[in-house]
Amino acid sequence: TWVLWNDRLVKDGDIQLSKEDRGYQFGDGIYEVIRVYNGSMFTATEHIDRFYESADKIKIVIPYTKDVFHKMVYDLIEANEVTSGQVYIQITRGATPRQHQFPTNTVEAVLTAYTKELQRPVSEMTNGVSVKTVEDIRWLRCDIKSLNLLGSVLAKQEAYEDGCFEALLHRGDSITEGSSTNMYGIKDGVLYTHPATNLILNGITRRVILACCEEIGLPVVEEPMSLASVFLNEEFFMSSTTSEIIPVIMINGRKLGKGLPGDWTQKLQTAFEAKIN
Ligand code: PDD
């Protein structure tokens, strides 16, 4: 398989990364994950825009125009003949003797991207999953898709060890999102989700879902939900590029509602599916 290494497609084994790459030492970089359905990228423009926004927020300059970059990622997918899969892209502030402050402008950012075949999580989407509530100890710039994922890693592991698919993060009494997903509750025919502030990543899937809500006539309220009120929701689900829309049927071992994927959630799945085909 081919990988993208800066502006070149090289064989996977030919990529050379420095032990002093700032991504490796400091998590000093940002990333994106883009879904590929039937050989084409889904919502590529949105993901590429967010990639540039994340870079800009941490003052990494991507040395390509968005159009050139889009073409580079497209060529990678073509070269690897990806049909159903994903492309992972990251850029770091580059390699330089270890020091916290930024290196001089002569140090070049390091871009890497690779593809992977991936099937849709049909079983989870159909049957629903369990989540565990975990305190959100991440930093205050969760809007940046940063390589620093330790807060998310620890939360996901804690959920996983309890047999759960995902961690439902809360800052104090306020639900934010999942460790790698956005979270939504539905109560009395209204969808509630955290507003796109610095405390969550504004998911691209989230944006598609909000458009689907409009289409199916489900009103949306973007405000933080309290942890205490979580079981008042009749339905609950999560979303991400790779998870799409996965119903949450159990929280901390307790059934939510009937413990089955809800009607609105299924309508959203249908509306979402229509966009990816
Ligand atoms: N995760 N919130 C967080 C913290 C995330 O890491 C992600 C994405 C999302 C959903 O965003 P989107 O719909 O744009 O994928 C929300 C990616 C897929 C990952 O880390 O693998």
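Visitor: At what angle do the axes of helix 2 and helix 3 cross?

Guide: Two packed helices are described by the angle between their axes and the distance between the axes. Here the axes of helix 2 and helix 3 (residues 66–79) cross at roughly 120° and come within 11 Å. Axes are lines fitted to C-alpha atoms, for helices over the stretch in contact, and angles run from 0 to 180 degrees between N-to-C directions. Helices (H or I, at least four residues) and strands (E, at least two) are DSSP runs, numbered from the N terminus. Please note that this is a predicted model, in which local features need pLDDT of at least 70 and side-chain atom pairs count only at pLDDT 80 or more, while totals for chains, interfaces and linings use all residues. Residues are numbered from 1 along each chain as its sequence is written.

Visitor: How is the orientation of helix 2 and helix 3 to each other described?

Guide: Angles under 35 degrees count as roughly parallel, over 145 as roughly antiparallel, 65 to 115 as roughly perpendicular and the rest as oblique. Helix 2 and helix 3 are therefore oblique to each other. Their crossing is right-handed; a crossing is left-handed if the near helix is turned anticlockwise from the far one by less than a right angle, and right-handed if clockwise.

Visitor: Which residues make the contact?

Guide: Helix 2 contributes Ala44, Ile48 and Tyr52, and helix 3 contributes Lys66, Phe69 and His70. Two residues are in contact if their C-beta atoms, placed from the backbone, lie within 7 Å. By class, this contact has 4 nonpolar, 1 polar and 1 charged residues. Ala, Val, Leu, Ile, Met, Phe, Trp, Tyr, Cys and Pro count as nonpolar, Asp, Glu, Lys and Arg as charged, and the others, Gly among them, as polar.

Visitor: What of helix 6 and helix 7: at what angle do they pack?

Guide: Helix 6 (residues 204–216) packs on helix 7 (residues 263–276) at about 110°, with the axes 9 Å apart. That angle makes helix 6 roughly perpendicular to helix 7. The crossing is again described by its hand, which is right-handed for helix 6 passing helix 7. Among the contact residues are Val208 and Cys212 of helix 6, and Leu268 and Phe272 of helix 7. By class, the contact has 7 nonpolar, no polar and 3 charged residues.

Visitor: In what order do the strands form the sheet?

Guide: Strands of a sheet pair through backbone hydrogen bonds, either parallel or antiparallel. In this model, 6 strands form an open sheet in the order 2-1-6-5-3-4, with antiparallel pairing. Two strands pair if DSSP finds at least two bridges between them. Strand 5 is joined to strand 6 (residues 110–117) by 8 bridges, and 8 bridges also join strand 3 to strand 5. Gln86 stands opposite Lys116 in strand 6, and Arg35 stands opposite Gln86 in strand 5. Helix 2 lies across strand 3, strand 4 and strand 5, at about 175° to strand 3.

Visitor: Which domains does the assignment give?

Guide: The protein chain has domain 1 (2–117) and domain 2 (122–276), with bounds from an automatic or database domain assignment. Their contact takes 20 residues from domain 1 and 11 residues from domain 2.
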